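My entries follow in the order I made them.

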Amino acid sequence: MKSQARIQAARFSLVVAAIAVITAIDLRLHVNVTTVALTLLIAVLLASAYWGLRYALVLALGAAAAFNFYFLPPVGSFRILYPQDWVAFVAFLTTALVASNLAERARRDADAAKHRRREAEQLYELSQRFLASENELELLNALPLYVKQIFSVRDVCMVVADHPSLYRSSPSAAVDESLLRLTLLRGEPAVQNGTAYIPLRLSVRTAGALAVSGYDLSREALDAIGSLAGLALERARALEALRKNQVTQENQRLQSALLDSVTHELQTPLTTIKHNVTTLLNGAAVDDQGKRALLTGIDEQTDRLNRMVDEAAEMSQLDSGNFKLDLRPHCIQEALQPALQDAKAAIDNHPIEIVVPPDLPLVRIDLARMREVLMHLLDNAGKYSAPGTPIKITAEVKSDFLVISVADRGVGIDSFEQTLIFDKFYRGGRERYTSPGAGMGLPIAKVIIAAHGGSIAVVSQLGSGSVFSLSIPIYVNPGASPKHQVNFPANTATGKDYNLAER
């Protein structure tokens with residue numbers, strides 16, 4: 001307050017000094033009356049434009065007095081002798097007063113325009129903050145603080161319909177809570193003790209109320225804050241409802257996919273088992289070899305059912321995170337060789353090419369889990385490519401990762417399905433009823449690889465096959481040898497010798 005008074009006193013002093021300086025200069029230079037009047041008029045306009053009307057009025061009256069006393073005859077007196085001098089004096093005084101008033105009005109309009117522009121920029125920033133919040137509870141807690149920070153007000157409090165809590169910009173923020181809740185009920189703005197109470201309107205409905213104290217905002221800006229806050233709350237609620245709906249639809253889709261997959265997968269083995277058992281029970285004339293074939297079929301289909309149950313149980317365990325990895329340094333060949341044996345049934349009719357250098361660095365893996373991942377990839381490559389087409393397995397070091405790839409010459413996967421094949425129970429439309437499986441292998445592989453700190457990806461083109469790649473972090477141990485060599489023996493289970501090539 002004292003600072004403001006000192007500024008006003010200094011400005012009035014400068015006004016008086018300006019009159020004295022201009023008068024002294026004009027007397028010194030012996031300029032004519034017109035020049036004196038215009039010089040003083042410029043000073044009046046400048047004071048009005050930069051400082052305001054009251055300073056300009058003081059300057060105008062003081063300049064008129066100096067103009068009369070020093071430049072209109074008789075000089076040295078406030079009397080005016082000639083009519084033309086009266087006209088000049090009145091014209092100068094009128095021009096000074098009108099011009100200062102116009103300059104003050106222009107200054108006020110410019111200040112108002114700047115204020116409106118600043119409010120518009122602040123409202124835009126507030127809307128951007130609101131758009132970044134998609135959770136209703138998070139927005140309720142942050143909204144008062146957003147308003148306080150952006151508009152530089154003292155305190156902000158908010159109540160929302162269907163929420164009993166009072167949300168504050170700070171723990172010390174205090175407003176008339178009863179008036180705030182009354183604003184929520186009535187939906188009408190109010191101002192009391194320097195605090196504005198704004199309803200958060202949504203069309204004809206009031207979603208809440210906001211109390212803002214210590215503000216320097218227009219009524220329009222306050223109404224806009226209320227509208228933006230109401231829209232932001234409604235948007236957050238709509239997004240949460242949409243997410244819940246999407247989750248419900250996803251659950252229904254998964255349930256439908258699971259039912260579809262289970263129905264298809266159970267039908268084939270159960271039909272086979274039922275047929276074979278019925279044949280045996282009916283006492284049909286079947287020789288020993290035929291009986292053995294029927295019993296072998298029952299055994300294989302029972303294993304298939306067991307495998308489906310095991311995969312479902314494993315996926316449930318992986319989803320819950322209730323599993324541990326036995327991570328130890330291994331070379332990737334230690335997992336690849338058993339995986340080839342596990343996938344024997346699927347890859348038996350395919351020539352296998354293995355390009356795995358013997359001096360690859362170690363990786364820290366759970367050997368059993370990694371063997372399972374590789375088995376799933378090899379099993380898919382065999383099932384989804386025509387008999388006789390080659391399957392190629394490669395391994396190489398890229399940056400700090402060991403990348404293992406399994407490439408086939410199958411039907412390929414279109415770009416849309418590439419984003420879905422790692423989802424549980426998803427199987428391509430063309431393979432759903434032609435290839436065995438429940439769509440669990442790739443989701444299981446993805447979770448296991450992620451638990452190892454790696455990633456799995458696919459590159460595919462319709463009609464040209466697919467390449468599945470695993471990236472696993474390289475194990476670094478300064479005290480151990482970085483290379484570990486394991487050669488592949490002959491695969492006696494399939495009768496093939498896997499070709500181990502070096503690049």
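**Burial and overall make-up.** I began with burial. Of the 503 residues of the protein chain, 41% count as buried. The model is predicted, so I treat every value here as computed from it. I then looked up the secondary structure. The protein chain has 13 helices and 13 strands. Among contacts between residues at least 6 apart in sequence, 67% join residues at least 24 apart.

**Cysteines.** How many disulfides does a search of the whole structure find? I got 0. A disulfide is a covalent bond between the sulfur atoms of two cysteines. Cys 157 has a relative accessible area of 0%, so Cys 157 is buried. Cys 331 is buried too, because its relative accessible area is 0%. The cut-off for buried is under 20%.

**α2 against α3.** I moved on to helix pairs. Helix α2 covers residues 33–50 and helix α3 covers residues 53–71. Their axes come within 9 Å and cross at roughly 165°. Angles over 145 degrees count as roughly antiparallel, so α2 is roughly antiparallel to α3. The crossing of α2 past α3 is right-handed. I listed the contact residues. From α2 they are Val 33, Val 36, Ala 37, Leu 40, Ala 43, Val 44, Ala 47 and Ser 48. From α3 they are Ala 56, Leu 59, Ala 60, Ala 63, Phe 67 and Phe 71. By class, the contact of α2 with α3 has 13 nonpolar residues, 1 polar and no charged.

**α9 against α11.** Helix α9 is residues 333–342, and helix α11 is residues 367–383. I read a packing angle of about 50°, with the axes 8 Å apart. That angle makes α9 oblique to α11. The crossing of α9 past α11 is right-handed. On the α9 side I found Glu 334, Ala 335, Leu 336, Pro 338, Ala 339, Leu 340 and Asp 342. They meet Leu 367, Met 370, Arg 371, Leu 374, Met 375 and Leu 378 of α11. I sorted the residues of this contact into 10 nonpolar, no polar and 3 charged.

**α11 against α13.** I stayed with α11 and took its contact with α13. The two axes come within 9 Å and cross at roughly 145°. Is the crossing of α11 past α13 left-handed or right-handed? It is left-handed. α11 contributes Arg 369, Met 370, Glu 372, Val 373, His 376, Leu 377 and Asn 380. α13 contributes Gly 441, Leu 442, Ile 444, Ala 445, Ile 448 and Ile 449. The class count for α11 with α13 is 8 nonpolar, 3 polar and 2 charged residues.

**α13 and Leu 442.** Helix α13 runs over residues 441–451. I noted its buried residues: Gly 441, Leu 442, Pro 443, Ile 444, Ala 445, Ile 448 and Ile 449. Gly 453 follows α13 and has a positive phi, near 80°.

I then picked Leu 442, which sits in α13. Its relative accessible area is 9%, so Leu 442 is buried. Which residues is Leu 442 in contact with, leaving aside neighbours within four places in sequence? I found Leu 377, Asn 380, Ile 421, Phe 422 and Phe 468.

How values were computed. Residues numbered from 1 in each chain as written. Predicted model: local features only at pLDDT ≥ 70, side-chain atom pairs only at ≥ 80, totals over all residues. Heavy atoms only, no water. Axes fitted to C-alpha atoms, helices over the stretch in contact; angles between N-to-C directions. Helix = DSSP H or I, 4+ residues; strand = E, 2+ residues; numbered from the N terminus. Parallel < 35°, antiparallel > 145°, perpendicular 65-115°, else oblique. Left-handed = near helix turned anticlockwise from the far one by under 90°. Contact = heavy atoms within 4.5 Å. Nonpolar A, V, L, I, M, F, W, Y, C, P; charged D, E, K, R; others polar. Disulfide = S-S within 2.5 Å. Buried < 20%, exposed > 50% of the residue type's maximum accessible area, 1.4 Å probe, protein only.
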